[in-house]
Amino acid sequence: MEKSPVDILFGKRNFYEFLESLEKMVPEKGVKTIKEILIKDSFNLEEKRKIQTFVPPNIKITSVSGRELDRIASDKNHQGYVIIRTKQKSFQSQSWEQFKSAVESGEGPILILDRIQDPGNLGNILRTAECFGVKHILMSDRDTSPITPVVEKSSAGAIHHLNIFRVSNLAQSLEYLKKNEYWIMATDEEGSEEIWETLPEPENLAIILGNEGEGVKKILLENSDYIARIGLHGSVSSLNVVVACGITLDRVVNG
């Protein structure tokens with residue numbers, strides 16, 4: 001019989017965040033997908049007991065060597081924590097119709113990601129967004145990294161607390177958000193530093209972050225209500241998109 005394809009979830013924080021979020025997940029994304037939990041055999045008794053308190057009683061926990069975990073996690077930094085899950089299609093994907101049903105006025109800030117291609121960047125953006133209270137992420141379904149184990153690990157478990165939607169037409173999404181009382185803000189080197197002082201409240205704002213090399217697409221900039229620039233004072237003329245995300249959300253959420 002052909003073996004079912006699996007996903008490997010790894011990393012301590014990701015491990016615990018996933019297990020903590022099981023009760024919030026629909027069954028096909030939660031406990032019913034877990035095939036086995038593997039932990040490093042050198043963990044002390046206290047840590048093993050802690051893990052048992054997070055793991056549903058019907059799920060098997062196996063202690064294995066660090067070398068075996070290296071092999072299973074393809075030498076990625078698993079930290080001794082691995083969950084093997086039945087592979088689910090479109091793990092992160094919710095549709096445009098689901099977005100319209102789920103997102104109401106006043107639920108911002110909403111983060112819109114335009115062609116974020118690096119899995120590490122995407123994971124760290126998701127982690128940053130969740131830390132600043134973002135609940136909804138809207139992503140283009142083309143030229144964008146899928147949700148891979150690397151994205152999950154980089155997000156430090158944040159992915160399990162976010163609603164992530166993939167759509168084919170971000171410009172259409174902006175029009176929908178505007179009709180539902182959201183203002184649209186993008187960051188761009190041609191924007192204004194003064195705009196930060198005039199933004200609406202965070203719950204009424206949707207924020208666009210652009211591609212690592214090209215920034216936000218022209219059509220999205222043209223449909224934005226605000227284009228803000230992050231003031232730089234050094235010799236380097238641009239920021240990594242993850243750093244730009246952190247600065248932007250801090251200014252929006254904390255003022």
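This is a predicted model: local features need pLDDT of at least 70, side-chain atom pairs count only at pLDDT 80 or more; totals for chains, interfaces and linings use all residues.
Tutor: Residues are numbered from 1 along each chain as its sequence is written, and side-chain values use heavy atoms, with hydrogens and water left out.

Student: Okay! How many helices and strands does the protein chain have?

Tutor: Nine helices and ten strands. Those are DSSP runs, numbered from the N terminus: helices are H or I with at least four residues, strands are E with at least two.

Student: Why is Thr-187 called buried?

Tutor: Buried means under 20% relative accessible area, exposed means over 50%, and partly exposed is in between (1.4 Å probe, protein chains only). Thr-187 has 16%, so it is buried. Across the protein chain, buried residues make up 49% of the 255.

Student: Where does Thr-187 sit, and which residues does it contact?

Tutor: Thr-187 is in strand E8. Contact means heavy atoms within 4.5 Å. Leaving aside neighbours within four places in sequence, the partners of Thr-187 include Trp-196, Ile-208 and Thr-248.

Student: What is the largest pocket like, and which residues lie nearest its centre?

Tutor: Thr-187 shows up again here: along with Asp-188, Glu-189, Ser-238 and Leu-239, it lies nearest the centre, and the lining has 21 residues. Strand E8 (183-192) and helix H9 (241-254) are the elements that give two or more residues to that lining, and E8 gives the most, with three. The volume is about 570 Å³.

Student: How do you know what counts as a pocket and its lining?

Tutor: On a 1 Å grid over the protein atoms alone, a pocket is an open set of points with protein on both sides within 12 Å along at least five of seven lines, whereas a cavity is a set where a 1.4 Å probe fits but cannot get out; lining residues have an atom within 4 Å of a point. Grid points are joined across faces, edges and corners, and the volume is the space filled by probe spheres set on the points.

Student: How do the lining residues divide into nonpolar, polar and charged?

Tutor: Eight are nonpolar, eight polar and five charged. Ala, Val, Leu, Ile, Met, Phe, Trp, Tyr, Cys and Pro count as nonpolar, Asp, Glu, Lys and Arg as charged, and the others, Gly among them, as polar.

Student: Now the loops. Is Ile-116 buried or exposed?

Tutor: Ile-116 has 0% relative accessibility, so it counts as buried. It is found in the loop between E5 and H5. Its C-alpha is 5.1 Å from that of Thr-144, 28 residues apart along the chain. Among its contacts beyond four places in sequence are Leu-122, Asp-143 and Val-241.

Student: What makes Asp-143 exposed?

Tutor: Asp-143 has 51%, so it lands in the exposed class. It is in the loop between strand E6 (136-140) and helix H6 (149-154). With near neighbours in sequence left out, Asp-143 touches Arg-115, Ile-116 and Gln-117.

Student: Why is Arg-115 called buried?

Tutor: Its relative accessible area is 11%, so Arg-115 is buried. Its phi is near 60 degrees, a positive value in a residue other than glycine.

Student: Which class does Gln-79 belong to?

Tutor: At 41%, Gln-79 falls in between, so it is partly exposed. Gln-79 also has a positive phi, about 65 degrees, without being a glycine. It lies in the loop between helix H3 (66-72) and strand E4 (81-86).

Student: What joins Gly-108 and Pro-109?

Tutor: A cis peptide bond, with omega about 0 degrees. Pro-109 is in the loop between helix H4 (96-102) and strand E5 (110-113).
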